[in-house]
Amino acid sequence: MVEDSEKIAKICEEGVLGFEGNQKTLSKAKQLVVIATVNKRCGYERDGSFTTSKEDRWEMFDAGIASQTFSLAAHSMGVGSVMMGIFDEAKIAEIIGLPEGQSVSCLLTIGYPKFIPDPVPRKEVADLLTYVE
């Protein structure tokens with residue numbers, strides 16, 4: 001958890017590859033959760049070989065599950081969150097002092113929302129689901 005306003009400002013200025021949406025969100029953030037993975041832990045056997053054909057992509061899969069679970073838990077307590085995936089991983093790691101052997105997977109700003117936006121239109125299930133017989 002990053003609560004240091006100077007670090008958050010530095011991430012906003014130097015760590016999100018100039019992406020304006022992330023800069024706008026971070027410029028107002030009081031707290032930032034950095035979801036990180038331990039390299040070569042998930043999806044690997046003890047001998048260092050990959051467990052499945054997914055190779056090292058299991059790390060991001062698990063980070064996504066953790067990010068969504070965190071966001072849902074926050075929401076259940078009235079806390080809003082914004083997931084951000086456009087960032088300079090090495091720069092973020094440097095700014096927060098992430099230990100060697102770990103990688104930044106996701107940034108989550110959290111806080112109490114000023115208002116609850118209207119839900120966005122959802123796609124029809126038929127547009128998202130494929131049945132295989």
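Colleague: What percentage of the 133 residues in the chain do buried residues make up, and which residues lie nearest the centre of the largest pocket?

Modeller: This is a predicted model, in which local features need pLDDT of at least 70 and side-chain atom pairs count only at pLDDT 80 or more, while totals for chains, interfaces and linings use all residues. Residues are numbered from 1 along each chain as its sequence is written, and side-chain values use heavy atoms, with hydrogens and water left out.

Buried residues make up 27% of the 133 residues in the chain, where buried means under 20% relative accessible area, exposed over 50% and partly exposed in between, with a 1.4 Å probe and protein chains only. The chain exposes about 9,800 Å², of which carbon and sulfur atoms supply 55%; these areas come from the Shrake-Rupley method with a 1.4 Å probe. Five helices and three strands are present, in the order α-α-β-α-β-α-β-α from the N terminus on, helices being DSSP runs of H or I with at least four residues and strands runs of E with at least two. The C-alpha trace spans about 45 × 45 × 30 Å along its principal axes. Of the contacts between residues at least 6 apart in sequence, 66% join residues at least 24 apart, a contact being heavy atoms within 4.5 Å.

On a 1 Å grid over the protein atoms alone, a pocket is an open set of points where a 1.4 Å probe fits, with protein on both sides within 12 Å along at least five of seven lines, and lining residues have an atom within 4 Å of a point. The lining has 20 residues, and G80, V82, Y112, P113 and K114 lie nearest the centre of the pocket. Two or more lining residues come from each of α2 (20–27), α3 (58–76), β2 (80–84) and β3 (102–111). By class the lining has nine nonpolar, eight polar and three charged residues, with Ala, Val, Leu, Ile, Met, Phe, Trp, Tyr, Cys and Pro counted as nonpolar, Asp, Glu, Lys and Arg as charged, and the others, Gly among them, as polar.

E14 is partly exposed, at 35% relative accessibility. K91 also pairs with E94 at 3.5 Å between the closest N and O atoms; because these two are three residues apart in helix α4, they are separated by about one helical turn. E94 is exposed, at 53%, and the shared partners join E14, K91 and E94 into one network.

The backbone deserves a final remark, since most residues other than glycine have a negative phi. K40, in the loop between β1 (31–38) and α3, has a positive phi near 60° and is exposed at 64% relative accessibility. E55 lies in the loop between β1 and α3, with a positive phi near 55°, and is partly exposed at 36%.

Note on methods: A salt bridge is a side-chain nitrogen of Lys or Arg within 4 Å of a carboxyl oxygen of Asp or Glu.
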